[in-house]
Amino acid sequence: MKKFYLLICILFLVPKLSLSQNERISSMGNPTIALRDFDLDLNLYDFGKNVAGLFEDRTFDVLNIRPIIKTTQGDYKRYFDYDKSFTYALSFDGTKVLKDGVFRGYVIYEIENRKNVNRALNRYPYSGIPFFIADTTVGDFIYSGPRVGFQYSFEITKSLYSGFELNYQLVDGLKSVYSRAKSLWRNIDGSLNLAYKFSNDFLIGGKISFLDNKESIEAKSEDLFDAEIFNYRGDNFAFKRRSQQIKQTYREKSLGYSIQSIITSFEKLRIGLKSEYSNSILKTLYPYGMLEEYEEGHSVFENLLISMKAHFSPLDNLLVGFESNYEDYKSWSRISELSLMNWKWELKEFNIGSGISYRFNLIPLILISEISLGKIISDSSKYIDNKFVNHNKPFYLFKTGLEYEILNQIFVRFGIQNGKFGFEPEKGGKDISINKISLGLGIYSFKFIHVDYYIDYGKIRNNLNQVNKNLNSQLNLKLFSY
Amino acid sequence: MKSILSFGWRILLLINIVIITLAGCSENPPTMVDGQGKLELFVLWDTSYVDSISTLIPVENAKVIVSSRYLTKIYYTDQNGKVYLENLPSSIYGVTIRKQHPLDPNIILVASKQNIEVISTKNIVIDTLLVKPTSSSGITINEIYCAGPVNNFFFFFDQFIELYNSSNEVKYLDGMMVMRFSSNTDGKGPGADEEDDGDIDGVTYVFKFPGKPGEKNYPIYPGQFVVLASDAVDHTKVCATSYDLSNANWEFYNQYSPEDIDNPNVPNLINMRPDKTADFLIALTNDVIVISDGRDSIWQDGIDISTVIDGVEYQSNPHPQNKKTLDPRIDRSYVLSPPRYSGKSMQRREPGLDTNDSLSDFEIKDRATPGYQ
């Protein structure tokens, strides 16, 4: 078995709302610190992810229609990963300014085709828990399903805003070969938000969010074979279960708290502060008898984020940005029947970043450059496998891009990203280099419709010279009257 | 303006303190960890078997088969007869020791122990196993093929049971009974000694060889394999992935069935239960098979354990998902059977070698081997 290091992934990040990326930002190299953009304002909604801030952030009606294609392939992968993945999605994301508030709703339908998934039956086998299931075959998985959600924000009394959101996602997965596993992935999450504007210079917001996620997997051989699966409790140890129909369920519940504030210290300086804490419990269950579910594993996650971002604009066409983030993820898992811990890990990330963007007066050009420096500290104790891994590695990420108005209201965009990570926690690779190039086009010549398009191509290479390549493309038709 | 900011900063500070305090309110992790189990085994041989003076000598380079719900792994003892295993996940382990006799190639030194509880947090488990020479035990069930061949029309009629004479002398099959135990599910289960009266209960099918126990008409020679086929025909004509059993030594024939196939060239085992009109077919993934010498033929009140020659239980899933039911005096564990319709069979690792520990004695073969190892 290919050795893999720290098996931390993004499961409990994935279900949270992640609407399609802004094409302008993506095509300029994905800067987030110092670019003036509609989606990067230093306010409660864009920075704080506080839905109560929607009321002030969105002041006009717009409907975004986005067809999206994403592909990834390569040999920088872990043992249970797939060779290639193709994702196709169509998204409708509309904002409507109502009489008493602002409503934003979206519908996305996604189809993901994963090629040559090696044995794993879970959608995310590396989800930070040691409990996952596998069969014996390499096969394709197709996941498809809708994601819907809405946000609503309104003013309760003068300067006091409220907002709430609810998101629902349902994904069906099907493996093409034995054990012909079916997966049903369901996610509900939402939040209640409040914001108070003390003055135009000081806003404060609070948010309570919840998440309920369930993945049910059923291996049922359609021919006469029994389905035989392996319940892993780490990298090395698994026990077999065999029957004509085998089920397994993963159930996660999470609660999170967050506060945000936006402060304008003096006219040219605006500061955003945010802290978030979430706690979730994920249970690994399989049926026992007719009705009961047996808890095989129990995992607890904790996440703490403290973030600061500042915008300083000494000139009208100059923006200097600064950000600093500290994140601490930690988790432990136990085998429930014995109450013995079999995996404990902690991942800390600290970064500071700065950037500058400048809009030229003489030519219609905007230039942006950003750099982030940081450190990733990970500590994994996989007791059941007797595997203990520590990393303490620095990283940097450099982004630069431009936007040029070639014709009246027609923009071309270009961006590059370059980074080096001593340790990359998702796949456990060392000395990771990241290179990405992006191109985009914006046509804003018409009054009621704007068109944005971007395409990017990226490579991620590790110290073993294994490379992953990504190609993403997205079109956006913005309708302003609908 | 300044007062608003000052007030705001205080609120911000307060809420941040609340958030950071909440960060410490998570569920506490267990204090004990898995994967720290230790097992130390000493394998000794009492040489009084070959010498009048009883001396326990360490058995060097003996094969140690360690099984648990997670794995079956093979280790070897060192020159002191010791094997030390560490970083084991907590589980119930079974250990079987095998070593070729240094002088007699027909003898294998065997020891086994089941239900060794290795818990990660407890102290090292130390145990000593005394090997005993095993050979020539007589007739054993050597192979069970019940899964059915690879097919898509529910074909499994090519089942067979293979017997083997591992002794040095001719044995006789006269009057012997071959039984399937699958009832008694309300009690301790099929093959269990229900009232602790020395017999095993739950017989559903009983077929017997002709003759009476003690008669010597149907020999099985030393080292001979005998195939008992459900239907002694060439099944490959029906299902290409199946087996040709037309040359089987014996055939189960239910004389009370109007439909059972009878190959006239193959002698029959006949049904002892008139109420059962089906052929001798066994479950594809879990069942109990027992052969007895036939002295206790009153199956209704159970089969006396003293008459049992061999018995094997097989199950599809490991403990605790499946319950073991066959009396441990006959079989201390059970074989993990192959998947249904896989064409695979269960066969003893060494022909006829029976340590009453089927989990270690048997292995899964990709293809059945009727009449040979």
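Predicted model: local features only at pLDDT ≥ 70, side-chain atom pairs only at ≥ 80, totals over all residues.

Reply: Chain A holds two helices and 20 strands. Its C-alpha trace spans about 70 × 50 × 40 Å along the principal axes. The radius of gyration of chain A is 23 Å, which agrees with the value near 23 Å for a compact globule of 482 residues. Among contacts in chain A with a separation of 6 or more, 65% are between residues 24 or more positions apart.

Now the part you asked about. The contact takes 39 residues from chain A and 39 residues from chain B. On the side of chain A that touches chain B, at least two residues each come from β6 (182-199), β7 (202-220), β9 (238-243), β10 (245-266), β11 (269-288), β12 (292-315), β13 (318-335) and β14 (340-359) of chain A. β9(A) gives the most to this side, with five residues. By residue class, the side of chain A that touches chain B has 21 nonpolar, seven polar and eleven charged residues.

Ten residues of domain 1 of chain B are in contact with ten residues of domain 2 of chain B. On the domain 1 side of that contact, β3 (63-67), β6 (91-100) and β7 (108-118) of chain B each supply at least two residues, and β7(B) gives the most, with four residues. The residues on this side of domain 1 of chain B divide into three nonpolar, six polar and one charged.

How values were computed: Residues numbered from 1 in each chain as written. Chains lettered and ligands numbered in written order. Contact = placed C-beta atoms within 7 Å. Nonpolar A, V, L, I, M, F, W, Y, C, P; charged D, E, K, R; others polar. Rg over C-alpha atoms; globule rule 2.2 N^0.38 Å.
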